Amino acid sequence: MTLEGKQLIGQQAVLSNGNAIHAVDPATGETLEPGYKAGSRAEVERACELAWTAFDTYRETGLEVRACFLETIAEEIESIGDDLIVRAMTESGLPRGRLEGERGRTCGQLRLFAQVVRNGEWLDVRLDPALPERQPMPRVDLRQRHIALGPVAVFGASNFPLAFSVAGGDTASALAAGCPVIVKAHAAHPGTSELVGRAIQRAVAKSELPEGVFSLLYGSGRELGQALVRDPRIKAVGFTGSRSGGTALMQTAQERPEPIPVYAEMSSINPVFLLPEALKTRGKELGNAFVGSLNMGAGQFCTNPGLVIAVKGEALDAFVAAASEAVKDSAAQTMLTPGIHDAYVQGVDGLLQSSTAREVARGATGESQNACQTGLFLTSAKDFMSDETLQAEVFGATSLVVECTDLDEVKHVAESLEGQLTATLQMDEDDLGAARLLLPVLERRAGRVMANGWPTGVEVCHAMVHGGPYPATSDSRTTSVGSAAIYRFLRPVCYQDLPQGLLPEALRDGNTAGVSRLIDGHRET
Ligand code: NAP
């Protein structure tokens with residue numbers, strides 16, 4: 001499949017005039033062709049105009065049509081075959097197995113949203129019929145459903161070139177909700193983005209949808225990305241990336257004449273609490289398993305376990321000793337981009353120079369460019385709580401062990417943490433009391449609390465929450481993974497005393513749409 005290096009605007013492929021963006025093979029430093037000439041306000045204007053024109057038609061497509069569209073995107077992505085995997089490997093340095101798994105997850109996610117759309121629960125239909133005889137005042141007829149917010153700007157993430165990028169969770173959930181999507185491609189994987197973008201273009205055409213349902217733009221975030229978020233026709237933003245990028249977009253969105261929601265997933269260090277009995281009985285085993293999780297994807301997961309908290313003593317020493325051996329045996333994996341590698345080296349240097357943390361073990365240095373040297377550091381609870389730089393996310397395979405004097409101090413450390421995507425308890429039966437003590441704190445601090453697992457690995461399903469208080473995300477009420485992600489792009493509308501002929505089908509008497517409805521507070525059978 002030949003890559004053209006063009007912006008995909010509706011059904012067109014357009015050559016822009018800006019400076020060319022080239023992907024770089026992070027393993028070799030080689031510049032990859034083609035260049036993608038950066039778009040400008042003109043491309044943003046055209047994509048937004050098309051998206052706005054498509055919006056009213058697209059949001060009222062039948063549930064079956066929209067579900068089939070999502071399934072067609074999945075089929076079109078699969079039909080690209082190995083070209084997609086090979087290009088993504090070259091652009092990201094990620095191994096084949098990981099990317100094949102990610103493609104499966106991306107297509108599975110689209111198919112999950114197709115099921116969600118068909119099911120219609122997300123419309124959240126509520127009918128409170130008129131009560132003309134009610135005393136002292138009659139009640140009017142009130143009917144509610146959810147509608148799509150409007151065109152959504154999606155910023156593809158660098159660390160999941162498929163599952164959190166052009167056809168990733170943000171795009172799938174926004175399209176499922178009935179929102180046209182304009183993606184700003186991540187500069188780290190423009191070719192992968194074009195292949196997936198063209199698959200969506202084909203699915204739009206095959207499904208006979210308005211062309212503005214999808215566009216893919218290339219350009220610098222500061223110019224093109226900011227212009228996109230400022231455009232009055234954009235009604236919500238999905239973002240995964242750095243805290244500085246996410247907060248910049250939140251600010252832009254708030255400063256608009258009409259502020260809009262930004263669903264940004266930013267930074268999380270995912271604390272793991274080793275409770276005393278678990279540590280005593282299986283400290284060594286936990287040390288090995290922990291490093292396995294730490295090294296996954298060179299630590300470039302938002303759920304990477306960047307913090308371990310436990311009571312100090314022999315049991316923790318055994319954990320640290322086992323983890324140190326595993327760290328020393330860790331091969332250096334290529335990181336996604338030279339920029340991410342530089343940021344990682346800077347973060348590790350910060351720990352090396354810190355007077356409050358000490359190095360415990362480092363992994364192999366590796367021969368390829370941009371290789372990630374695994375690291376393990378140690379600090380005391382007192383130092384951790386007094387030095388806020390130790391809470392900063394070091395994006396990559398480095399983690400910090402925090403030694404506490406007792407369980408009360410473990411709880412204080414938990415209380416001192418910023419918002420997190422996950423919190424993990426390693427616990428045995430006899431740790432239940434300690435776990436109960438921590439649970440209320442962890443619920444307040446994290447979007448997902450788990451026992452005896454590792455945070456890397458996020459299931460795409462109905463009960464998943466991939467979210468959490470700031471700075472893990474910009475809006476702790478939502479999730480960016482799983483079927484509940486659709487609610488980010490919907491809002492309720494109430495229809496009062498509208499005649500049957502004017503009501504949307506799902507709200508009419510007789511329920512010809514066949515969706516689940518709440519009538520006067522009772523579920524319709
Ligand atoms: P990033 O720098 O935040 O960039 C992500 C996207 O946002 C890019 O398309 C970028 O565009 C755009 N962007 C950034 N700042 C912007 C701004 N002020 N206005 C408008 N758009 C803006 O993230 P990254 O390139 O993926 O990685 C950099 C760092 O982010 C990593 O080292 C890591 O610390 C963190 N990160 C965290 C996660 C996580 O899940 N927690 C995931 C990925 C990265 P341009 O590149 O075109 O400017």
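**Figure 1. Five strands of the predicted model form an open sheet with mixed pairing.** The strand order is β21-β6-β5-β22-β23. At the edges lie β21 (490–496) and β23 (522–523), each of which pairs on one side only. Strands of a sheet pair through backbone hydrogen bonds, either parallel or antiparallel.

**Figure 2. Strands β5 and β22 of this sheet run parallel.** Strand β5 comprises residues 125–128 and strand β22 residues 517–519; three bridges join the two. Arginine 126 stands opposite leucine 518 in β22.

**Figure 3. Helix α13 packs against helix α14 through a set of side-by-side contacts.** The axes of α13 (residues 407–416) and α14 (residues 432–445) come within 9 Å and cross at roughly 10°. Because this angle is under 35 degrees, α13 is roughly parallel to α14. From α13, the residues in contact are Leu407, Val410, Lys411, Ala414 and Glu415. They meet Ala434, Leu437, Leu438, Val441, Leu442, Arg444 and Arg445 in α14. The contact residues divide into eight nonpolar and four charged, with no polar residue.

Figure 4. A disulfide is a covalent bond between the sulfur atoms of two cysteines. For cysteine 68, the closest cysteine sulfur belongs to cysteine 107 and is 16 Å away, too far for a bond, given that a disulfide requires sulfur atoms within 2.5 Å. Cysteine 68 is partly exposed, its relative accessible area being 32%. Cysteine 494 likewise counts as partly exposed, at 49% relative accessibility.

Terms used. Residues numbered from 1 in each chain as written. Predicted model: local features only at pLDDT ≥ 70, side-chain atom pairs only at ≥ 80, totals over all residues. Heavy atoms only, no water. Buried < 20%, exposed > 50% of the residue type's maximum accessible area, 1.4 Å probe, protein only. Axes fitted to C-alpha atoms, helices over the stretch in contact; angles between N-to-C directions. Helix = DSSP H or I, 4+ residues; strand = E, 2+ residues; numbered from the N terminus. Parallel < 35°, antiparallel > 145°, perpendicular 65-115°, else oblique. Contact = heavy atoms within 4.5 Å. Nonpolar A, V, L, I, M, F, W, Y, C, P; charged D, E, K, R; others polar. Pairing = 2+ DSSP bridges.
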